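Me: I am new to this structure and would like to learn how to read it, step by step. Could you take me through it?

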Amino acid sequence: MNIIAADNLSKSFGMKRLLDGISFYMDQGDRVGLIGINGTGKSTFLKLIAGVEQPDAGSVSSANGLTIQYLPQNPPYDPDATVLQQIFKGQSPIMQLLLEYETAMQMMHDGIKENNPQQRLIELSARMDAANAWQLEAEAKKILSKLGIEEYGMRMEQLSGGQRKRVLLASVFINPADLLILDEPTNHLDTQAVDWIEQHLKRSGTSLLMITHDRYFLDRAANRIIELDQGKLYSYGGNYSHFLEKKAERLEQEKASELKRQNLLRRELEWIRRGAKARTTKQKARIDRFEQLQQSKPDSFDNELDMALAGSRLGKKVIQLQDVCKTFADRSLIKDFSRIVQKNDRIGIIGPNGSGKSTLLKLIAGQLSPDDGVIETGPTVKIGFFSQESDELNPSLRVIEYIKEAAENIRTADGALISASQMLEKFMFPPDSQWSVIHKLSGGEKRRLFLLRILMSSPNVLLLDEPTNDLDIQTLTILEEYIDEFPGAVIAVSHDRYFLDRIAETILSFEGGGIIQHHTGNYTDYRNFRTQTEMNSEQADGEAKQKEKAKDSAPENHRIRQLKFSFQEQRDYEQIDQWIADAEKELEETSHAIDAAGSDFERLQELAKTQQSLEQRLEELIERWTYLNELAEEIERQKRAGKHHEEFNLKQNSPLPGRGEFCFIIDF
């Protein structure tokens, strides 16, 4: 069923045309990912679909009764509201009831005596019972917990920017909606939170329209990709991997058409130069065709940028950290950390938000000093630090002035000289936008400009703090290619799994308490290692339980050791039935898709691989289900045996007549 339809939308800001007569539709169950270069109007498009802004031309219509939850990139919030009050600011009656209840609870907590809050709380509790609202409150707390928010009574103004984003994201998830519209939902979230959001969206089945640069997220959460390019919208069925294949085909077709156009133009130009005169209708038509060919150049081609720029010379000594410690507010962020950074290192840094990742980069960059330990930097080291804040951007400067402050020209690896203006053009700032004032740029354009400024300074050590935040996929691809050719060390803090898989050869993982562990390989290698470690730990726990069970069941030892689920086993036991059902449903859908594919050989190959992967996954889940249910039965059996054992002991220890117990009746 069609839920959203946009017809012939156009939107401009000043002289810049963002949307040029585009049309778009969504069906129920669609999960659409919107991509495009920063500044092309992606966020504006979402606002038009959400009804926050109105188009200059065209219209947006929606199904009757459609409810939409929209989360902008920088969402508004009430600074005085508590976390739970902010969560329940929806318009539905049950949300209003929950908000009233949380407000009354907060008044009780704050000791406010106005309006008899205790009586008010009793009345609201009764209404909560009648509306069955307690389950929704529990669900809200569960979602907040999964997103790393545990203190529900904190006010929004007390939270960090990343924490506020999580609360506002949770409020979108908890409010009932037919369509979620999300602008960069994974920004500023760690990998655990992103993993949970990915699974939550899959389970919910809610229709979804989102902007994200997270390519793994797009691959797993989207079933359709739309690309906004110079005012035009291109739609591709399938996930991000399928989009890459189909876009490559489209570009090849466009290049072939352009080559044909240029050949025709060349022949017509030769005819014109031979002195053609527009005296006859036939000659006039040919001249008109020549002019049309000149004007029919395609709007866009991917401007592939050779990022092999020359860097500064780097000596043998790069950076050495010895027993480095750093503490903030009595909290140990980095404890006794030692590392020698080599010339060609590619290091990815991961860990929960607030664990100290950015602090480590600032220590290396010399912006902070360690409490203990030593950081030594080689004499030839020239650091380029791409921070999260982009503080160096002067909003009053023009784009080209800001870049020329770093360098007028830059040399490529082969010795060629490129001007600042040429670099800006290659970095998707066309000549007419190079004289724009920086404060007029979008957030993503500012990040792209800041990145170019750093690269123009010819660093030989590159520090990247969450480089994927607010950067479009095309810029990220350019950055990854630059890193491939970069003749120095790269250290990157990132939650973007695709980016870390693409560039990292070593992972430093913040494990809590200031401990930083080293893992060889990229992010997927690290995850596989952690998964295997957890499985080995569970297996060892299981073997230990079996040994203890055998020991406890020996005749000389009648003490029964209680079996119990590990945390991971308990979580799996609660969810594995749903996982199996989801896998069986996906397998059934894939089977139907194979039947419908007909003679499409490429599609059949792709579906066959998917089917094989799903069958293997289902087999693993069933094996896990068997183990967990056997363990659950054993735990239950042991509980029953323990109960009988206690009853037996009770009977054995009770005073019974005839067992040496004498009763004296003394009658005075």
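This is a predicted model: local features need pLDDT of at least 70, side-chain atom pairs count only at pLDDT 80 or more; totals for chains, interfaces and linings use all residues.

Me: How many helices and strands does the protein chain have?

Reply: Helices (H or I, at least four residues) and strands (E, at least two) are DSSP runs, numbered from the N terminus. In the protein chain there are 19 helices and 20 strands.

Me: What share of the residues in the protein chain is buried?

Reply: Buried means under 20% relative accessible area, exposed over 50%, and partly exposed in between, with a 1.4 Å probe and protein chains only. Of the 668 residues in the protein chain, 44% are buried.

Me: How should I read the packing of helix α12 and helix α14?

Reply: Two packed helices are described by the angle between their axes and the distance between the axes. Axes are lines fitted to C-alpha atoms, for helices over the stretch in contact, and angles run from 0 to 180 degrees between N-to-C directions. Here α12 (residues 399-406) and α14 (residues 443-456) pack at an angle of about 25°, with their axes 8 Å apart. Angles under 35 degrees count as roughly parallel, over 145 as roughly antiparallel, 65 to 115 as roughly perpendicular and the rest as oblique, and α12 and α14 are therefore roughly parallel to each other.

Me: Which residues make the contact of α12 with α14?

Reply: Contact means heavy atoms within 4.5 Å. On α12 the residues are Val-399, Tyr-402, Ile-403, Glu-405 and Ala-406, and on α14 they are Leu-449, Phe-450, Leu-452, Arg-453 and Met-456.

Me: At what angle do helix α5 and helix α6 cross?

Reply: The axes of α5 (residues 134-146) and α6 (residues 161-174) cross at roughly 140° and come within 10 Å. Their contact is made by Leu-136, Glu-139, Ala-140, Ile-143 and Leu-144 of α5 together with Val-167, Ala-170, Phe-173 and Ile-174 of α6.

Me: Where is Asp-214 placed, and is Asp-214 buried or exposed?

Reply: Asp-214 lies in the loop between β7 (207-211) and α8 (215-221), and because its relative accessibility is 0%, Asp-214 counts as buried. Leaving aside neighbours within four places in sequence, Asp-214 is in contact with Thr-186, Val-194, Asp-496 and Arg-497.

Technical notes: Residues are numbered from 1 along each chain as its sequence is written. Side-chain values use heavy atoms; hydrogens and water are left out.
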